[in-house]
Amino acid sequence: MDKNLPDASATNRKLVVLSLGLLCILQAALNISLRLALYSSDAPDYDAVIRNLTEERDQLKRKLNTFDSSDAPDHDAVIRNLTEERDQLKRKLNTFDSSDAPDYDAVIRTLTEERDQLKRKLNIFDHYTQEGWRYFRSSFYFISSVKKSWGDSRDNCLQKGADLVIINSKEENEFTRQFRRLFWIGLTDTETEGTWKWVDGTLLSTTTSYWHPGEPNSYFSTNEDCGETKFNEVEDNWNDEKCHWQKFWICEKMVA
Ligand code: MMA
Ligand code: CA
């Protein structure tokens, strides 16, 4: 018995030393694996990526905003869409903030897509602006500086990937009226006398037409088959005119 006691205490000591040793190794392993997980070189700095993308996107939005302020007194479709997109994204980011496991890949995918879309939009704006087009409520307008017949005017617009302007609202008519010029517009009754159609084939609606009082009149039975802006001192400024007359014209190109 006496002999066993020191043996037992020696075994205990060995066990304690072994346990401490194991604990040390475990701690070191944990330490290393945590460091690896946190500072591993292939783990992207998600916050930085998201910060960059958000900044890039916001910069593009600011650029696009400046295009609109010159023409549209109130918000146009593009700006409305962008604002909605941004708000949606903000809501998404907020929900991610409060959750434990943010889906960084999804956030980055959304931001990248948004940025690329904005880049494409901005490229289109840059392109048309440089060629002298005016932007107003989701369309670009080319205001001619020379005169042509209605048919040649239309051909010119078609060559530009556009068509003669189609007027769908009072605001759009006011946009054309502001220049106080006689312009060919995309309206004709060549097909059927008295049936006025836009160049896209749609019938002129009676609720959105701006004929001057007494027009269209095919003046003294002369054939007047083409629409123009003429009486620009009043809201109802349209006139029917002989198509071969040389006049300025307005092309319209809609943007998605
Ligand atoms: C012009 C011509 C017509 C128009 C009348 C209005 C003289 O003809 O523009 O189309 O109806 O003016 O007075
Ligand atoms: Ca007329």
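How far is an oxygen atom of ligand 1 from a polar backbone atom of aspartate 240? In this predicted model, the separation is 2.8 Å. Taken alone, ligand 1 exposes 330 Å², and 68% of that is buried by the protein.

The surroundings of the ligand can be read residue by residue. Around ligand 1 stand Glu215, Asn217, Tyr219, Glu224, Lys230, Asn239, Asp240 and Glu241. By type, this shell consists of five charged residues, two polar ones and one nonpolar one. Strand S7, made of residues 238-241, gives the most to the shell, with three residues. Side chains also come within reach of ligand oxygen atoms. An N or O atom in the side chain of lysine 230 is 2.7 Å from an oxygen atom of ligand 1, and for the side chain of asparagine 239 the corresponding distance is 3.0 Å.

The next step is the chain as a whole. The protein chain has 256 residues, of which 35% count as buried, and contains seven helices and eight strands. Among contacts with a separation of 6 or more, 70% are between residues 24 or more positions apart. The chain has an accessible surface of about 16000 Å², and carbon and sulfur atoms account for 55% of that surface.

One of the helices is H4, which covers residues 104-130. Its 27 residues should span 39 Å at 1.5 Å a residue, and because the C-alpha atoms at its ends are 38 Å apart, the model agrees with that expectation. Buried residues in H4 are Ala106, Val107, Ile108, Leu111, Glu114, Arg115, Leu118, Lys121, Leu122, Phe125 and Tyr128. An α-helix has 3.6 residues a turn, so residues three or four places apart point the same way. The list for H4 includes Leu111, Glu114, Leu118, Lys121, Phe125 and Tyr128, and can be read with that rule in mind. After H4 comes glycine 132, with a positive phi near 90°.

Helix H5, residues 150-159, holds serine 153. Is serine 153 buried or exposed? Serine 153 counts as buried because its relative accessibility is 0%, and the cut-off for buried is under 20%. A polar atom of the serine 153 side chain lies 3.5 Å from the backbone oxygen of lysine 148. Leaving aside residues up to four places away in sequence, serine 153 touches Lys148, Leu164, Trp184, Lys247 and Trp249.

Methods:
Residues are numbered from 1 along each chain as its sequence is written. Chains are lettered from A and ligands numbered from 1 in the order in which they are written. This is a predicted model: local features need pLDDT of at least 70, side-chain atom pairs count only at pLDDT 80 or more; totals for chains, interfaces and linings use all residues. Side-chain values use heavy atoms; hydrogens and water are left out. A residue is near a molecule or strand if one of its heavy atoms lies within 4 Å of it. A polar contact is a pair of N or O atoms within 3.5 Å; within protein, one must be able to donate a hydrogen and the other to accept it, and residues adjacent in sequence count only if both atoms are side-chain atoms. Accessible areas come from the Shrake-Rupley method with a 1.4 Å probe; for residues, only the protein chains shown count as cover. Helices (H or I, at least four residues) and strands (E, at least two) are DSSP runs, numbered from the N terminus. Ala, Val, Leu, Ile, Met, Phe, Trp, Tyr, Cys and Pro count as nonpolar, Asp, Glu, Lys and Arg as charged, and the others, Gly among them, as polar. The expected span of a helix is 1.5 Å times one less than its number of residues. Buried means under 20% relative accessible area, exposed over 50%, partly exposed in between (1.4 Å probe, protein chains only). Contact means heavy atoms within 4.5 Å.
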